Structure formats: C-alpha cells, structure tokens
Number of protein chains: 2
Amino acid sequence: MPRKPMLLFADAQYTSPYAMSVFVALTEKRIPFELKTIDLDAGANREGDYATRSLTQRVPTLVDGDFALSESSAITEYLEELRPDPALYPADLKTRARARQVQAWIRSDLLPIRQERSTNVVFYAPTDAPLSAAAQQAAGKLFKAADALLAHGGDHLFGSWTIADVDLAVMLNRLVLNGDDVPAALRAYATRQWERESVQGWVTLQRPPL
Amino acid sequence: MPRKPMLLFADAQYTSPYAMSVFVALTEKRIPFELKTIDLDAGANREGDYATRSLTQRVPTLVDGDFALSESSAITEYLEELRPDPALYPADLKTRARARQVQAWIRSDLLPIRQERSTNVVFYAPTDAPLSAAAQQAAGKLFKAADALLAHGGDHLFGSWTIADVDLAVMLNRLVLNGDDVPAALRAYATRQWERESVQGWVTLQRPPL
Ligand SMILES: [Ca+2]
Ligand SMILES: [Ca+2]
Ligand SMILES: [Ca+2]
Ligand SMILES: [Ca+2]
C-alpha cells in the first residue's frame, strides 16, 4: 500500500518564511506532499481540528499519518532523520551545529527587520517606509554575521547547500527585494539562493490578493 | 593531555533561560566546564573578543577549544551529538521531534509572558504588575499546550527527563514563582522540575544585586 502523502499547512498568502523553509525541505528531499492553507487572519489556526493538531497553533504544521508537528526547525530536523538523503544539514558535527545556530538565530532575533520588512514585501510588494534606527542596527548586525559566514566566497554558507541558506536568504531578501541598501556580496548571495528550483517553487505559488 | 574544559558564557545576572538550558545540559552530561559572564547591560556582548566569537552576539555562547557556538538549542544539539550519554533528547524519532517542537516554541512565541514576566521575577523578585490581556491570552495558550503534553500524568514531558522539561518549566515558573494563577497540575510539574539537581545548580548561583 502506498504511503499516504504528507500534508503541509501554510498560511493562506504563502508568506510565512517558516512554511517556506519546510516546503523547500520537502521539495529537496522529493517527498510527496499536499500543500494546504490556514487563514491566520481569520483565526483558523486557533479553531477546530487545526488547534488540536498543532500544539503551538502556528504555521507550518506537517502531518505525517497520525503524527502532526509544528515549528519549522523541528520539522526540518524530523525530515532529515526520517529521510537522510539528500541532506538538509551539513554532515560534519561542528558545521551542522553552525547551521542550526543560523536557523535558531533567524527565528529569534532581528525583530525590527521582521516587523518593518514583513515577508509581504518579499512576496507581494515593497514598502516605501524607511527603516527605523532599531531596524538599521539590526540590519548592520545581520550584514556583519552574514559577511563572516560567507567570508569563504562560496555560493552557500557551508560548502554545499543547506536549509540554513534558505532561512538566511529570506532574511536578507526582506531588504534586498525591498530596495534597501545591502552590501553587494550579500545581495548577490541572496539573489543566487532565490534562483534555486525548490525556492522558486514557493516563490511562484499563486497568491490571493492581500 | 587532558581536554581543555569548555567555557560557557552567560549573562552577568544568571537570568538568561537559554544560558540556564545549556548549563543544565552540561551538568547532566557531566562535562567539565567553566562558567563565565558577559555584562549585557554594558554592551560587552557587542565588543572585543566576544563579538568576534559569538556570531549572534548573544548569550549563551559555548567555547569548545577553538570552536565557539551561540544559540542555546544549537548548543544542546551539539552536546548531544558530541556526548550522547546521558541523553538530553528522546531516542524515538517522533518523540525527539516533539521535544524540539517545545524548544523552538518556547524560544519564539509567548512574547507577552517573556516581556511582562522577565526571568528577573524567577531569579530575583516577583512583580505586582498585573498581566495584560495579551499576556493572559499567551498564558492560556501555554497552559493548553502544557496540559496536552502532560495529559499522560507523568513527571516529565516525554517519559524520562529531557532538556525540553527545563525550557517548559522556566516558562511556567515565570508565572508560578510570581504568584500568578497557574493550574495546579502545571504548578506541580514546574515545581518538581525545579527541584532537579542540575536545575538547582543554576537556581542557587550567587547573583549580584540587580
Ligand atoms: Ca487573509
Ligand atoms: Ca524602495
Ligand atoms: Ca548588569
Ligand atoms: Ca503576587
């Protein structure tokens, strides 16, 4: 009997960078899945089946048979362990730790960038609102860390592609795709990452009007 | 030649729940380490050696030889892979995924609780400020999820102790130790978790005046 396809729940506008990260992970691993949406604006994540299935009532949620899991980095780790090839994370212990460091950081810091450059500017339309002083400071921190990580001059953070490249590229593209000032090497990195087939699969999804 | 002890950098008041999580992880694994502090209020995390070593300029940072790593969940995963026994994470694939889900959630959601019940109320003194409506809503969400996770009636989230127990217990204790209303079963869970020797090792550190 064929395995039932996994379900990935994303937001109705496909703007969640975390749903995107899981979408890319599933696509890279060639795991068949159905993409479903939850209307966060209507509070559908706090109601009915979804609120029961998703412990944290957030997107994304991955449903694999009778197992449901939320929180994107937990999901990509799960997929990696379930189906190791092709890999989402570096094979070397310390390099893998550094990829997890990037994932955890992107999800818990740089709040002014996430607020003032929501992913609506990435997937819908840019904004003309200038960055606040706090957001400019966060951007400086982002550039410094990304520069250090990419000082080797390669195309990816860690030799070959990893899921951390998606997460860092989205954060940079909140600024790049909005036309904000970003150092050329980082702009080139984010632009290259955006061209990846699995990433384009998410970028080109048909979105409803905002 | 004996291995050089690891260094753990925490905040100067020992109030970071994330530094605490790594402290407990090192203690549980009986890995020798030196505890050092960084004065975040003085901006010492953004200066000198620390800013170079810590990619994200935050605490905790673990230094293992010439390898430095920030972001607590990345650090506990690193320690688990480096020294698997005793385990910080569940052995079963799906249960391990659920432990990571808790860790990721505690670090990225429930912001009103983290703001209105900073860990100063846990490690220094309670506050009389009432919870805002947003914090009450976040508390309701926390209780619902914790209730679901602990519906089995056991002492720990996942059969035996895991690092996710520390993270959830700290979040609950922001309310419990402040005297806010918390359902009895969750209060009992958080109180039991607090008695653990490795946890008490952090709780009883000598703290400077605020
Ligand atoms: Ca909507
Ligand atoms: Ca512009
Ligand atoms: Ca201080
Ligand atoms: Ca009180």
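**Close-up views of a calcium site and a chain interface**

**View 1. The calcium ion (ligand 3) and its donors in the predicted model.** Along the chain, the donors of the calcium ion (ligand 3) are spaced as Q-x25-D-x1-D, donors being N, O and S atoms within 2.8 Å of the metal (3.2 Å for Na, K and Ca), with water not among the atoms, so sites may look incomplete. The protein donors are Q13(B) through NE2, D39(B) through OD and D41(B) through OD, and they lie 2.5 to 3.1 Å from the ion. This is a predicted model, in which local features need pLDDT of at least 70 and side-chain atom pairs count only at pLDDT 80 or more, while totals for chains, interfaces and linings use all residues. Residues are numbered from 1 along each chain as its sequence is written, and chains are lettered from A and ligands numbered from 1 in the order in which they are written.

View 2. Q13(B) is buried, with a relative accessible area of 16%, whereas D39(B) is partly exposed at 32%; buried means under 20%, exposed over 50% and partly exposed in between (1.4 Å probe, protein chains only).

**View 3. The contact between chain B and chain A.** Each chain is represented in the contact, with 33 residues from chain B and 33 residues from chain A, where contact means heavy atoms within 4.5 Å.

**View 4. A salt bridge across the interface.** E81(A) and R100(B) form a salt bridge whose closest N and O atoms are 3.3 Å apart, and the count between chain B and chain A is 8 salt bridges, each a side-chain nitrogen of Lys or Arg within 4 Å of a carboxyl oxygen of Asp or Glu.

Technical notes
Heavy atoms only, no water.
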